[in-house]
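I open my notebook on a new structure today.

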Amino acid sequence: MATLLVGQSGGPTSVINSSLVGVVRQAQKENKVNKVLGAHFGIDGVLNEDFFDLTNISNDELTNWSKTPASILGSVRLKLPQVDSSLEIYQNILNVFKKYDVKYFFYIGGNDSMDTCMKLDLFFKEVGYECYVIGVPKTIDNDLILTDHCPGYGSAAKYVATTLTEIALDTDVYKKGRVTIVEIMGRDAGWLTASSHLANINGDVVQLIYLPEVAFNMDEFLRDVERIYKEKKKVLVAISEGIRDKDGKYILEYQGTTESDKFGHMQLGGVGQVLAGIVNQKLGISTRAIELSLPQRCAAHLGSLTDVKEAEKAGSWAVKYAVKGESGMMVAYKRVSDYKIVYKTAKLTDVANQVKEFPREWIINGNSISNEYLTYALPLIKGESYPKYSNGLPSYSKLK
């Protein structure tokens, strides 16, 4: 009998708690686990021994969690340094694990979280401490490799496609419309921006789509906008926040001021405003920029039921694999038949710090998406997952 510890890390999604629910529910069934702890604020909570006792959380409460967006345990943006440069941090983590008899550790997160899992697993093996470490994927960016897709992506894609459909309806009411540029998250991979193409199932909704995988050409962009506007008197453009020119320069940098985050990455957001200003100046067309920002990852009221169910199963399978003795792995989705998912594992050493780009063969002329993407993405957004409502508003859970 031992303690199972689970944490959440990085930017949340609308289904990150579904994966947590899967971990806790499965842990409650395992006879090798006698205590379940949740790390408050991820690895920071581990270092500070700041834990929630989840051992006896009721099934009804867990059900409420699965419909609640954002990280109910709290999150952190902390990427562990290399062991040889910060051995003290790892020794502190080891001491905490020994103190609480933690033999199973699960981290729900994206690329940096998988890196943390990998480093902890290698360290524990090096010092001979028995602990089974499994990463549970999470990211609306859908950019983790060796998995068909990531928990959180389906719901975010559903939100993006729905929102762009509604924006198009709003902007189409005028005889003389405008250019509308919608900025969507995605630093290095354009999966989420590509989901705007799902809106085109309902007709000609989004005319231009730009992803980071293809160099952005400003002159071609302006020509396309002008051509479409002359023809339709409206243009709806979807752009990834991370689009770059042929020299690798972020289009955001064209405004001249940039900031970096704690990991040294350029702080993105605002490229839509940059392009709107250029369209106004160069073409003289009324242009509005809309940044979808955080709602892309926290709109649980538009959650995909498929995404919610798969995310919980990912957490459950993480525990199943760990109690069977697997470690240093990430749970991954494998698509079989028309649409069926089976759960496998991928080595963290193969996954960490890699980026799965949107397939170049699905990008047409640098500004639109092939319908092959629809075959891939449509199953991921199927079904509706509604939270409980109270007084006309969603009633979400909080962990005290």
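**Entry 1**

I begin with an open sheet of seven strands, in the order 3-2-1-4-5-11-12 and with mixed pairing. Strand 3 (51-53) and strand 12 (340-347) are the edges, and each has a single partner strand, so one side of each has no neighbour in the sheet. From one strand to the next, the twist averages 30°.

I note my ground rules here. This is a predicted model, where local features need pLDDT of at least 70 and side-chain atom pairs count only at pLDDT 80 or more, while totals for chains, interfaces and linings use all residues. Residues are numbered from 1 along each chain as its sequence is written, and side-chain values use heavy atoms, with hydrogens and water left out.

My terms come next. Strands (E, at least two residues) and helices (H or I, at least four residues) are DSSP runs, numbered from the N terminus. Two strands pair if DSSP finds at least two bridges between them.

**Entry 2**

Strand 2 (residues 33-39) runs antiparallel to strand 3, with three bridges. There I found A39 opposite F51 of strand 3.

Strand 5 (residues 132-137) and strand 11 (residues 329-336) are parallel and share two bridges. I134 faces M329 of strand 11.

Strand 11 also pairs with strand 12, in the antiparallel sense, over eight bridges. A332 has K344 in strand 12 as its bridge partner. Three residues lie between the strands of this hairpin, and S337 takes a positive phi near 55°.

What is the order of the open sheet of four strands? I read 7-8-6-9, with parallel pairing. Strand 7 (208-210) and strand 9 (287-291) stand at the edges; each has a single partner strand, so one side of each is left without a neighbour in the sheet. The twist here averages 15° from one strand to the next. Strand 7 is joined to strand 8 (residues 235-240) by three bridges, in the parallel sense. L208 has V237 in strand 8 as its bridge partner.

**Entry 1: the cysteines**

A disulfide is a covalent bond between the sulfur atoms of two cysteines. I count one when a pair of cysteine sulfur atoms lies within 2.5 Å. How many disulfides does this rule give? The count is zero. C117 is in none, as the nearest cysteine sulfur, in C131, is 10 Å away.

I looked up exposure too. Buried means under 20% relative accessible area, exposed means over 50%, and partly exposed is in between (1.4 Å probe, protein chains only). C117 is buried, at 0%. C298 is partly exposed, at 35%. The sulfur of C298 is 19 Å from the closest cysteine sulfur, in C150, and that is too far for a bond.

**Entry 2: a pocket**

Last, I looked at the second largest pocket. Its lining has 17 residues, and A215, F216, N217, M218 and E220 lie nearest its centre. Helix 8 (residues 218-232) gives the largest share of the lining, four residues.

Note on methods: On a 1 Å grid over the protein atoms alone, a cavity is a set of points where a 1.4 Å probe fits but cannot get out, and a pocket is an open set with protein on both sides within 12 Å along at least five of seven lines; lining residues have an atom within 4 Å of a point. Axes are lines fitted to C-alpha atoms, for helices over the stretch in contact, and angles run from 0 to 180 degrees between N-to-C directions.
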